[in-house]
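Here are my notes for anyone opening this one for the first time. Have the sequence and the 3D view side by side, and go through the points in order.

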Amino acid sequence: MRRAVCPGSFDPVTNGHVDVIRRASALYDELIVAVLVNPGKAGFFSVEERMELIRESVADLPDVTVDSFTGLLVDYCRDRDVPVIVKGLRAVSDFEYELQMAQMNRELAGIETLFVPTAPQVGHLSSSLIKQIATFGGDVSRLVPAAVNDRLRERAARGNSS
Ligand code: PNS
């Protein structure tokens, strides 16, 4: 059984992430989307909310499971016997850091990284920009899954009323 992990912060998941998850899931028998639990950073959405939003966004993909992890990604991969990490690349600017991490993860544990270039229509998306736009009432409905858009609108409405 061929398995891979697609790790990230996913705060929140965007149409760019979904594009990469969808395409990577077609290449493996099981794709685990793993949300980083960063004890030093609260995040905009809780890890549980992020996981729930990913599950709702890829509910039509039966071979995708959603999990969370803390610590080193290579330890998570080793514990579950997952030999491949999948990462999306939006632009050359992503490549430098991603290459460094890929080389380090291979050195640490022999784990390979597969880069999936994002579709050009979603190459400009980032979770940070989406949060910023949504917080100020901008329309991000074309940029994120419907469940994420609903949750961002709820949060913006709550924020504006307080
Ligand atoms: O969505 P992001 O923020 O680009 O994801 C980055 C992530 C979670 C893949 C990366 O920060 C990570 O792997 N963190 C876990 C800690 C770790 O293994 N660090 C060493 C990397 S070589």
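1. First, a word on the cysteines. Keep in mind that this is a predicted model. Looking through the whole structure turns up zero disulfides.

2. Now go to the ligand. Which residues surround it? Pro 7, Gly 8 and Ser 9 are in the set, along with Leu 36, Phe 69, Gly 71, Leu 72, Leu 73, Lys 87, Met 101, Met 104 and Asn 105. On its own the ligand would expose 550 Å², and the protein buries 70% of that.

3. Asn 105 belongs to helix H4, residues 92-109. Is Asn 105 buried or exposed? It counts as buried because its relative accessible area is 13%, and the cut-off for buried is under 20%. Leaving aside residues up to four places away in sequence, Asn 105 touches Leu 73, Val 74, Ile 85, Gly 110 and Ile 111.

4. Compare that with Asp 75, which sits in helix H3 (residues 73-80). Asp 75 is partly exposed, at 32% relative accessibility. Its side chain and that of Arg 78 are joined by a polar contact of 3.2 Å. Along the sequence, Asp 75 and Asn 105 are 30 residues apart; in space, their C-alpha atoms are 9.8 Å apart.

5. You'll find Arg 50 in helix H2, residues 47-57, and with 6% relative accessibility it counts as buried. What does the side chain of Arg 50 make a polar contact with? The partner is the side chain of Asp 11, at 3.5 Å. Not counting residues up to four places away in sequence, Arg 50 touches Ser 9, Phe 10, Asp 11, Val 35, Leu 36, Ala 42, Gly 43 and Phe 45.

6. Next, helix H1, residues 15-25. Its buried residues are Gly 16, Val 18, Asp 19, Val 20, Ile 21, Ala 24 and Ser 25. What covers them includes H2 as well as strands S1 (3-8), S2 (30-36), S3 (64-69), S4 (84-89) and S5 (112-117). At the N-terminal end, Thr 14 caps H1: a side-chain oxygen of Thr 14 lies 3.1 Å from the backbone nitrogen of Gly 16.

7. Finish at helix H5, residues 127-135. The buried residues here are Ser 127, Ile 130, Lys 131 and Ala 134. They lie on the same side of H5, because the arc they cover around the axis is only 100°. Just after H5, Gly 137 takes a positive phi of about 85°.

Conventions:
Residues numbered from 1 in each chain as written. Predicted model: local features only at pLDDT ≥ 70, side-chain atom pairs only at ≥ 80, totals over all residues. Heavy atoms only, no water. Disulfide = S-S within 2.5 Å. Buried < 20%, exposed > 50% of the residue type's maximum accessible area, 1.4 Å probe, protein only. Helix = DSSP H or I, 4+ residues; strand = E, 2+ residues; numbered from the N terminus. Arc of directions from axis to C-beta. Polar contact = N/O pair within 3.5 Å; in protein donor to acceptor, adjacent residues only side chain to side chain. Contact = heavy atoms within 4.5 Å. Near = heavy atom within 4 Å. Areas by Shrake-Rupley, 256 points an atom, 1.4 Å probe, with all protein chains shown as cover.
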